[in-house]
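The stops below go from one residue to the next.

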Amino acid sequence: MDKWISVEDHLPECIHEYTRDSIHVSNSVLVTDCKDPCSLGMAHLRQDGIWEVYGGDHDFMHPGQITHWQPFPSPPTTP
């Protein structure tokens, strides 16, 4: 299982070009706010340092509240 990474220690690499804004973005990752342990979301990071949270941005988690992230776990395998 992957461990949570503090945004103060390391940020995801922005390796994908997003042509709408001509910027690069990271892979989608899991994000959380350590002050609210029930918060868990999906987001990607833009090369300009702005998080884009999926599913209602500010209704769910303000991007400025993200304290930790981690890559998605490996998908399940079928027998």
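Select Tyr54, which sits in the loop between β6 (51-53) and α1 (57-60); helices (H or I, at least four residues) and strands (E, at least two) are DSSP runs, numbered from the N terminus. The model is a predicted one, in which local features need pLDDT of at least 70, side-chain atom pairs count only at pLDDT 80 or more, and totals for chains, interfaces and linings use all residues. Residues are numbered from 1 along each chain as its sequence is written, and side-chain values use heavy atoms, with hydrogens and water left out.

Tyr54 has a relative accessible area of 33%, so it is classed as partly exposed. The classes are buried for under 20% relative accessible area, exposed for over 50%, and partly exposed in between (1.4 Å probe, protein chains only).

Together with Tyr54 they form a nonpolar patch on the surface, with about 260 Å² of accessible area. Patches are made of residues with over 30% relative accessible area and no salt bridge; like charges are joined within 9 Å, and nonpolar side chains (Val, Leu, Ile, Met, Phe, Trp, Tyr) within 5 Å. Accessible areas come from the Shrake-Rupley method with a 1.4 Å probe, and for residues only the protein chains shown count as cover.

**Salt bridges**

Next, select Arg46, Asp48 and Glu52, which are linked in a network of salt bridges. A salt bridge here is a side-chain nitrogen of Lys or Arg within 4 Å of a carboxyl oxygen of Asp or Glu. By that rule the count is two. The Arg46 side chain meets that of Asp48 at 2.6 Å, N to O, and that of Glu52 at 3.2 Å, N to O.

Is Arg46 buried or exposed? Arg46 counts as buried because its relative accessibility is 16%. Asp48 is partly exposed at 41%, and Glu52 is partly exposed at 21%.

**The nonpolar core**

Now select Val29, Val31, Ala43, Leu45, Trp51, Val53, Met61, Ile66 and Trp69. These nine residues are the largest nonpolar core, that is, a set of buried Ala, Val, Leu, Ile, Met, Phe, Trp, Tyr and Cys residues joined through side-chain atoms within 4.5 Å. Strands β4 (29-33), β5 and β6 each supply at least two residues of this core.

Within this set, centre on Met61. Which residues does Met61 touch, not counting those up to four places away in sequence? Val31, Thr32, Asp33, Ser39, Leu40, Gly41, Val53 and Ile66, where contact means heavy atoms within 4.5 Å.

From there go to Gly41, which belongs to strand β5 (residues 36-45) and is buried at 10% relative accessibility. Draw a C-alpha to C-alpha distance from Gly41 to Met61: it is 7.7 Å, for a sequence separation of 20 residues.

Move to Asp33 in strand β4. With a relative accessible area of 8%, Asp33 is buried. The Asp33 side chain reaches the backbone nitrogen of Lys35 at 3.0 Å, a polar contact (a pair of N or O atoms within 3.5 Å; within protein, one must be able to donate a hydrogen and the other to accept it, and residues adjacent in sequence count only if both atoms are side-chain atoms). Neighbours within four places in sequence aside, Asp33 is in contact with Ser39, Met61, Gln65 and Thr67. For another C-alpha pair, take Asp33 and Pro63: they are 30 residues apart along the chain and separated by 9.6 Å.

Thr67 counts as buried at 16% relative accessibility. A polar atom of the Thr67 side chain lies 2.8 Å from the backbone nitrogen of Cys34. Beyond four places in sequence, the contacts of Thr67 include Ile5, Ser6 and Val7.

Ser6 is the next selection, placed in strand β1 (residues 5-6) and buried at a relative accessible area of 16%. Leaving out residues up to four places away in sequence, Ser6 touches Thr67, His68 and Trp69.

**The whole chain**

Finally, clear the selection and colour by secondary structure. The chain has one helix and seven strands, in the order β-β-β-β-β-β-α-β. Of the 79 residues, 30% are buried. The chain exposes about 5,600 Å², with 54% of it supplied by carbon and sulfur atoms. Among contacts between residues at least 6 apart in sequence, 46% join residues at least 24 apart.
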